[in-house]
Amino acid sequence: MNMGESELTAAMAGISASVVLDRELLELVSSLVCLLHDGKVLFLNNAGVRMLGLSSAADAQDEPFESFVVEDYRFLMEAGWELLAEEDFLPLKLARADGQVFEAELRVRQAPSAADTFLVEARDISKFVKSAEALREREERLQGVLASVAEGIVTINDSGRIESANPAAERMFGYSRGQLVGRDMTELLPSSARDNHIRFFDAYMSGLFPTLMGRQIEGLGLRLNGSMFPMEISVSELRHGRHRLFTAILRDISERKEAEDRIRRLAHHDTLTGLPNRNLLNDRMNHALARIKRHGGHMAVLYVDLDKFKPINDTLGHEAGDFVLQEVSRRLALCVRSSDTVSRVGGDEFVVVVEEITRLGEAALVAKKILDAMEVPAVFNGHDCKVGASIGVALFPLDGSTIEEVCKAADLAMYRVKHSGRNGYCFYSDTDGTILAANDPTID
């Protein structure tokens with residue numbers, strides 16, 4: 001919504017003693033003068049219309065001021081108009097309506113009587129950019145803004161060497177002030193990524209991969225101390241005559257990656273024991289099944305249901321029950337190889353997947369190890385918590401042609417143990433229903 005004449009005058013009041021409140025006098029100013037609200041142009045004088053190559057001030061009305069700023073300098077606007085208002089003068093590049101780029105000097109002041117309202121003055125300083133003093137001042141002022149930006153910003157020449165780096169980039173990679181300047185960009189990457197970076201850089205410089213600029217790419221950064229961290233990189237190009245300069249925006253995304261890892265872990269692991277949950281179990285079983293179908297062999301599935309667990313919960317409380325489940329999980333993991341899987345699928349129910357078995361006795365041996373592991377009570381606050389295990393064993397492909405069939409067979413075998421006295425194991429394929437205890441020597 002546009003401001004009226006009275007609101008415009010009120011917004012401009014008090015900005016500076018040298019600013020004349022009469023709008024007609026502002027039209028006599030030779031430099032660009034515009035009033036911004038929420039970053040959009042509310043008023044632009046005739047000098048600004050001419051400077052930007054517009055047909056009239058209406059062409060700029062309600063347009064974001066950054067649309068007249070060359071893309072490589074728009075990050076200054078992202079830093080916030082409040083921050084820019086703290087600078088005396090700010091050199092940057094503006095673009096006319098016909099696309100012609102020119103050097104400008106910007107002065108920003110905040111209106112004291114209107115929130116998010118700023119007065120912007122701009123001068124065309126193109127003819128002065130070759131002077132050493134202008135370049136020195138430009139560098140100092142730009143560095144003042146860059147120092148406040150959280151992201152790392154480095155400029156790289158067409159030889160791949162760093163020409164400048166803001167404090168955030170130096171902190172990110174563990175370098176002291178000025179130490180990054182002159183280094184090859186590849187020094188900020190792990191050795192495994194350097195050849196790839198060089199190939200892409202050379203290809204881009206040769207005219208290939210023109211869409212590479214501006215894209216956000218994830219990779220690894222290398223700190224001075226040798227440690228690595230995940231980072232996000234976005235590179236843009238700025239040409240100066242025959243020379244090419246690249247600006248890289250670098251973000252340390254360690255916290256984001258850690259959060260993503262936590263979310264993935266919660267989706268695939270039991271929160272109490274840290275064991276794989278049913279989702280991850282099914283995924284691993286499907287992969288194992290695919291390998292067996294390709295290369296042959298057998299796989300054992302053991303359904304483990306704890307015996308006498310409920311009394312522990314009822315008499316000592318859920319803290320004791322949780323402690324016992326965590327201890328059982330730890331013991332189960334010690335009974336199998338690293339290539340096997342132990343999963344918690346219910347309150348006191350676990351599934352053990354033993355891959356690549358060559359004989360029945362290997363599955364029986366694992367079941368016996370589990371029963372032996374349960375013999376020693378878990379001690380909670382001085383109380384002996386003794387549990388046993390009823391274990392049903394099924395084999396693929398002997399007891400089913402799918403994961404569902406094998407799991408159902410192991411579950412049925414486990415219930416056969418439950419109904420026959422508990423604390424033992426049984427194979428689904430045992431036609432006589434033999435239940436083997438932990439000390440039973442018959443495992444083949």
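## A pair within helix 13

D372 counts as partly exposed because its relative accessibility is 36%; the class lies between buried (under 20% relative accessible area) and exposed (over 50%), with a 1.4 Å probe and protein chains only. K368 is partly exposed too, at 23%. Their side chains form a salt bridge, N to O 3.3 Å. That term means a side-chain nitrogen of Lys or Arg within 4 Å of a carboxyl oxygen of Asp or Glu. Both residues sit in helix 13 (residues 360-373), four residues apart, about one turn of the helix. An α-helix has 3.6 residues a turn, so residues three or four places apart point the same way.

## Basis of the model

This is a predicted model: local features need pLDDT of at least 70, side-chain atom pairs count only at pLDDT 80 or more, and totals for chains, interfaces and linings use all residues. Numbering runs from 1 along each chain as its sequence is written, and side-chain values use heavy atoms, leaving out hydrogens and water.

## The chain overall

The chain holds 14 helices and 17 strands. These are DSSP runs numbered from the N terminus: helices are H or I with at least four residues, strands E with at least two. Of the 444 residues, 45% are buried. The chain exposes about 23,200 Å², with carbon and sulfur atoms supplying 51% of that area; the areas come from the Shrake-Rupley method with a 1.4 Å probe, and for residues only the protein chains shown count as cover.

Contacts are heavy atoms within 4.5 Å. Among contacts with a separation of 6 or more, 52% join residues 24 or more positions apart.

## Salt bridges across the chain

The whole structure has 25 salt bridges. One of them joins R223 and D252 at 3.6 Å, N to O. This pair links distant parts of the chain: R223 is in the loop between strand 8 (216-222) and strand 9 (228-240), D252 in strand 10 (residues 243-252), 29 residues apart. R223 is partly exposed at 23% relative accessibility, and D252 is partly exposed at 37%.

K418 and D305 also pair, at 2.6 Å, N to O. K418 lies in helix 14 (residues 403-418) and D305 in strand 11 (residues 298-307), 113 residues apart. Both K418 and D305 are buried. A network of salt bridges links E151, E218, E232, R251, R256, K257 and E260.

## Helix 12

Helix 12 (residues 318-334) has 17 residues and should span 24 Å at 1.5 Å a residue. The expected span is 1.5 Å times one less than the number of residues. Its end C-alpha atoms are 25 Å apart, which agrees. Its buried residues are A320, G321, V324, L325, E327, V328, S329, R331 and L332.
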